[in-house]
Amino acid sequence: MSADDRECMNETPAMARRDVADRLREAEHPQSPFVRFGDERPLALDSGVILSPVQIAYQTYGTLNAARSNAVLICHALTGDQHVANVHPVTGKTGWWETLIGPGKPIDTERYFVICANVLGACMGTTGPASINPATGQVWGLDFPVITIRDMVRAQAMLIDHLGIDTLFAVVGGSMGGMQVLQWAASYPERVFAALPIATATRHSAQNIAFDEVGRQAVMADPEWRKGRYLIEGTNPSRGLAVARMGAHITYLSDAALHRKFGRKFQDRSNPTFSFDADFEVESYLRHQGSTFVERFDANTYLYLTRAMDYFDLAADCDGVVANAFKGTKTRFCVISFTSDWLFPTPDSRAIVHALNAGGARVSFAEVVTDKGHDAFLLDEPELLAIVRGFLDAAAQARGIDAAGG
Amino acid sequence: MLERFRRDLTMAEAARAPGGARVDHLAVADMIEPGSRVLDVGCGDGELLRLLELRGIDGRGIELSREGVNDSVAKGLAVVQGDADTDLVNYPDDGFDYVVLSQTLQATREPRVVLEHMLRIGRHAVVSFPNFGHWRIRLQILFDGRMPTTANLPETWYDTPNIHFCTIKDFRDLCDVVGAKMEKAVALNPWGSPLRFNAPWWFWNMFGEQGVFLLSRR
């Protein structure tokens, strides 16, 4: 067991309180720009609840050109946040998509004005269950309304309005971020010039809802969860959240990748201990994933965001026919999947492509060969990077954005 | 002696026009009205699509090979990875002005079904294919006694993706079967020049190395 694991598994009350304080601070006072929409700009949610006030924390990179035509919105996945291309203020790690975004990268911050917002319901400064409920002065917890992918996109549209941008040059995202990309293209077709949904689907599959439910049950089974009131009661359901993360993390990889990375190798020992220690490297790796995750993520947020993914079904909003969501769209799409992704397998991406074709959209679709599973979208996959670069370059030419972003 | 004869029967390289474009691509492109919407089925590395886009045509492609697709998308072309035999069914009626099948007919499992889908999806279909009735191919079989190989069809019989060869005459018959109207037809000689327009069909079938046809629904 690594030092990290021990810290997670044997947390002291003082450490839990410190974590709580840190998390509250980041949820209310993020270390990134944010905008707070007051009573004059409430957000009507799919659930029927009118949410107000709404705070949105975001990061931007590069410069918006005079024509305001070079803005790229990055939509983050379940456990991502707005710190897509800068050092993370909590973990100290580099941005989560720096393979793709930065000066000279495929999403070139010297050419495009890149925006990434923490999604609605998350815990890094955008309003969510870890934020303060103004009606009670206490943390929202489970009193926070259940939100949907479409609600997240509505909130992002409020931010884009606030930044004075009419049409986004591109909306880009993988996994849950890809769902937002599809929702953007369906909800605001005239505001999206190009869309890049990666490793995603038009609806969450039964298998994925099942995985999400296992994760949520792990969180809720932790006695420290306290029916979602842990921030108020000063506890921390880190064990439950770590187990949820461990289970989910397996679905982000692949059998082949796990075998290549770990095989049946032992961790710091040559023989089995005949105990339930982390004998195998793969166990130790998963425990590490779980323990580092709980340092930066909020348990209730995990419940809310997985729920939003479960509810996602584009067809449900259009008489059961996804193609209707894209009928007559002018947006150009590039759909990308990965051969070893079993969470959002290639047939899911093909279904997107069929719907786009049926709607007459201009669509490219590529399947990248890799054994790295769903996580491949975050990794240095040369083929992925070349495809994104080529697609965006051609789109920028069509949009009249030159190499300097003008 | 036999090897030399075999070499003589096989053309040295595929014909290209002075500008560098493949002559069969130019023949296809010449059949398409500028400003129209085109679906290129089996678009390979996207060379024809690029030629069409240069002419102001809104082109989309389907390609089976992953390398071809990823190359094309990286070039900024709207190409999807897919299979002509299974994926055309997902395209709506009248979604395009033209559906092109360039040097791909012979590689489909069900050429008739593919052609029917093309005429459903597009108002017009443009089909180009290697003519298996060309005299070189006839002579290779007659004298060499082996399955023919040419510059355009270099693969041996056991590793070729081409499973449904036909002659220009055969293709005319297929057009009758699916009820397609032949609006334009061109046969190209091995150097890429069109054969005499008013030549009889048997002449085209003998001396045309490739046939290019513009079809519409009857």
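## A loop residue in chain A

A:Asn65 lies in the loop that joins β4 (54-61) to β5 (71-75) of chain A, and the model in which it is seen here is a predicted one. With a relative accessible area of 11%, A:Asn65 counts as buried, because the cut-off for that class is under 20%. The side chain of A:Asn65 comes to 2.7 Å from the backbone nitrogen of A:Arg68, and, once neighbours within four places in sequence are set aside, A:Asn65 is in contact with A:Asn70, A:Gly405 and A:Gly406.

## The interface between chains A and B

Chain B contributes 21 residues to the contact and chain A contributes 22 residues, while the area buried between the two chains is about 1700 Å², with carbon and sulfur atoms giving 47% of it. Within chain B, the residues that lose the most area to chain A are B:Arg66, B:Asn70 and B:Gln81, which together make up 28% of what that side buries.

Four salt bridges are found across this interface; one of the salt bridges there pairs B:Arg66 with A:Glu367, whose closest N and O atoms are 2.8 Å apart. Between chain B and chain A, ten residue pairs are in polar contact, counting pairs with both residues at pLDDT 80 or more. On the side of chain B that touches chain A, the elements giving two or more residues are β2 (58-63), α4 (66-74) and β3 (78-81) of chain B, and α4(B) gives the most, with five residues.

A:Phe211, A:Ile250 and A:Trp342 make a nonpolar surface patch of about 240 Å². Of these residues, A:Ile250 sits in helix α7 (residues 238-252) of chain A and, at 36% relative accessibility, counts as partly exposed.

Technical notes:
Residues are numbered from 1 along each chain as its sequence is written. Chains are lettered from A and ligands numbered from 1 in the order in which they are written. This is a predicted model: local features need pLDDT of at least 70, side-chain atom pairs count only at pLDDT 80 or more; totals for chains, interfaces and linings use all residues. Side-chain values use heavy atoms; hydrogens and water are left out. Patches are made of residues with over 30% relative accessible area and no salt bridge: like charges are joined within 9 Å, nonpolar side chains (Val, Leu, Ile, Met, Phe, Trp, Tyr) within 5 Å. Accessible areas come from the Shrake-Rupley method with a 1.4 Å probe; for residues, only the protein chains shown count as cover. A salt bridge is a side-chain nitrogen of Lys or Arg within 4 Å of a carboxyl oxygen of Asp or Glu. Helices (H or I, at least four residues) and strands (E, at least two) are DSSP runs, numbered from the N terminus. Buried means under 20% relative accessible area, exposed over 50%, partly exposed in between (1.4 Å probe, protein chains only). A polar contact is a pair of N or O atoms within 3.5 Å; within protein, one must be able to donate a hydrogen and the other to accept it, and residues adjacent in sequence count only if both atoms are side-chain atoms. Contact means heavy atoms within 4.5 Å. Buried area is the accessible area (1.4 Å probe) that two parts lose on being put together, summed over both.
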